[in-house]
Amino acid sequence: DSARNGFSFKGIKDYLECYRSGKLTPSQVAKNIIAMLEDCDKSTPPLRAIVQWDQEQIMLMAEASTTRYRNKCTLSCLDGIPVCLKEEFKVVPYHHRVGTVYLGTQPETEDATVAKKLREAGAIIIGVSNMHELGTGTTGCNPNRYHKIPRNPYNPNHFTGGSSSGSAAAVAAGLCPVAIGTDGGGSVRIPASFCGVVGLKGTFGRISCHGSLPLSYSTVSVGPICTSVADAAIVYSILAEPDLLYPYGLKQPRATLSGMCAPDLKGLKLGVDWTVFKACDAEVLSVCEKAVKHLQSLGATVVEVSLPEMEEARVAHVICILSEMRDFLQPDFNKHFHDMNLETRASLALASQFTALDYIKANRQRTRSMRFLQEIFSTVNCILTPAVPCTAPRIYESDLLTGSSDMSFTVQSMRFMQLGNFTGIPGLVVPIGYSTAGLPISLQVMAKWWDEAVLLRTGLKLEQFRDQTKKPSIYYDILA
């Protein structure tokens, strides 16, 4: 709990206080959300955070939660909490379109594991959120007829980041304090950073991917996007466990939050490769360097480390993720080529140029990179980098019509993200300030495999660095 002056996002705790005090019921909150969703669709430009929602479904879940509060038999601390899931997940009764116009022709009849777990926890699923088509980009630009371009709540003329674009926009705009995304090349952490909220990519396999489209099976992790680190910890603790339907996470150690609420950071060693760290815009660097000093002031030791072969790892990650996507989407590429956005076609066409030899060499590099990290994590607890080297890019008129394909931006935006996807280590991004144009800037903390607890401990202290939270220009106060 951190008392703040001025604006602060409404988080899980605020909802629970309203419900427990009787000030509001989940049913009243649901009615507010439905009114806001209608408003989002009518606004100019439309927010396009939630692309499918159903009034009746929202009210059914809310009424069930209201009854549980009345009878004092709530299911978890997510009971009555509004959440949304990226369209990459199967959520009954919505269409599993994955950002396309050709997938999900029928409503879903079975939930993805994360959707099922959220329902079992009593959460109110307010709908499915917008995403970059097939997760192939980092802007969130998706001009097709079902999706359109989600707007950044801090500045509607700027992108949200992708591919979990709508999830980050929904949280930053106050529509829900919790959203679920997937991250194969920064797809949770980039939009969370651009929209000024918290994003956690779990260790590879930590949270079940069952029921999401298996676009890239070796790089994608699931994670929450939330208004605070504490909320990310709550959602993580509910979703992180083995799932028999998802073999990659079966052998994981038990998820724990031990030591997360320690009063300081004494005893923690934070690794920084300053050459890597400084490869970002001057404005981003300035804020990030101050945030590192803040962590030092709380007792952490900053240790200079060397992250070797970063360029090789970056190229190898691209080969792995694109080769796996191309393999999985080969039938779609042949059959639905003309239904895809231009950018998706270009990315998949590029992917077809990689050979089996490229893929094998890329995976040899993965083994090397994981060994380097094992050595580094024997000397430090965490690695710090800026989250994204720049702030959210501007949306141009042509993007609305034909989309956007900017390979140099894609490469730049993933610079600090790829190591986590390539090697499977967890990463957390926390907003730490704003550019002179008022766009959010974030810092990233990465830790060794399965050690999300140390990320959350560091993240809680990192949150205290930002002296004020700026209110987004698009913000709905659901509890007002």
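## Helices α9 and α16

The crossing of α9 and α16 is right-handed; a crossing has this hand if the near helix is turned clockwise from the far one by less than a right angle, and is left-handed if anticlockwise. Helix α9 covers residues 282–297, and its axis runs 10 Å from that of α16 at an angle of about 110°. Axes are lines fitted to C-alpha atoms, for helices over the stretch in contact, with angles from 0 to 180 degrees between N-to-C directions. The two helices are therefore roughly perpendicular, a label for angles of 65 to 115 degrees; under 35 counts as roughly parallel, over 145 as roughly antiparallel, and the rest as oblique. On the α9 side, the contact is made by Ala291, His294 and Leu295; on the α16 side, by Thr458, Lys461 and Leu462. Contact means heavy atoms within 4.5 Å. By class, this contact has 3 nonpolar, 2 polar and 1 charged residues. Here Ala, Val, Leu, Ile, Met, Phe, Trp, Tyr, Cys and Pro are nonpolar, Asp, Glu, Lys and Arg are charged, and the others, Gly among them, are polar.

## Basis of the model

The model is predicted: local features need pLDDT of at least 70, side-chain atom pairs count only at pLDDT 80 or more, and totals for chains, interfaces and linings use all residues. Residues are numbered from 1 along each chain as its sequence is written, and side-chain values use heavy atoms, with hydrogens and water left out. Helices (H or I, at least four residues) and strands (E, at least two) are DSSP runs, numbered from the N terminus.

## Helices α2 and α3

Helix α2 spans residues 26–42 and helix α3 spans residues 55–70. Their axes come within 7 Å and cross at roughly 160°. The pair is therefore roughly antiparallel. The crossing of α2 past α3 is right-handed.

From α2, the contact takes in Pro26, Ser27, Ala30, Lys31, Ile34, Leu37 and Glu38. From α3 come Gln55, Ile58, Met59, Ala62, Glu63, Ser65, Thr66 and Tyr69. By class, there are 8 nonpolar, 4 polar and 3 charged residues.

## Aromatic pairs

The whole structure holds 12 aromatic pairs. Rings of Phe, Tyr and Trp (its six-membered ring) pair if their centres lie within 6.5 Å; planes under 30 degrees apart are stacked, over 60 edge-to-face, and the rest tilted. Tyr19 and Tyr69 form a tilted pair, with ring centres 5.1 Å apart and planes at 55°. This pair links distant parts of the chain: Tyr19 sits in helix α1 (residues 12–21) and Tyr69 in helix α3, 50 residues apart.

Tyr19 is buried at 5% relative accessibility. Tyr69 is buried too, at 15%. Buried means under 20% relative accessible area, exposed over 50%, and partly exposed in between (1.4 Å probe, protein chains only). Elsewhere, Phe7, Phe9 and Tyr475 form one aromatic cluster.

## Backbone features in loops

Thr44 and Pro45 are joined by a cis peptide bond, with omega near -10°. Pro45 lies in the loop between α2 and β1 (50–52). The bond from Gly162 to Ser163 is also cis, with omega about 10°. Ser163 belongs to the loop between β3 (124–129) and α5 (165–172).

Lys72 is not a glycine, yet its phi is positive, at about 55°. Lys72 is in the loop between α3 and β2 (82–86) and is exposed, at 76% relative accessibility. Trp450, also a residue other than glycine, has a positive phi near 70°. Trp450 is in the loop between β11 (440–447) and α16 (452–463). With a relative accessible area of 28%, Trp450 is partly exposed.

## Buried sites

In helix α11 (residues 342–351), the buried residues are Glu343, Thr344, Arg345, Ser347, Leu348 and Ala351. They pack against α10 (310–335) and α14 (407–413).

Thr227 lies in the loop between β6 (221–226) and α7 (229–239). Thr227 is buried, at 14% relative accessibility. Leaving aside neighbours within four places in sequence, Thr227 is in contact with Phe9, Lys10, Gly11, Val171, Pro177, Val198 and Glu463. The C-alpha atoms of Thr227 and Ser286 are separated by 24 Å, and these residues are 59 apart along the chain.
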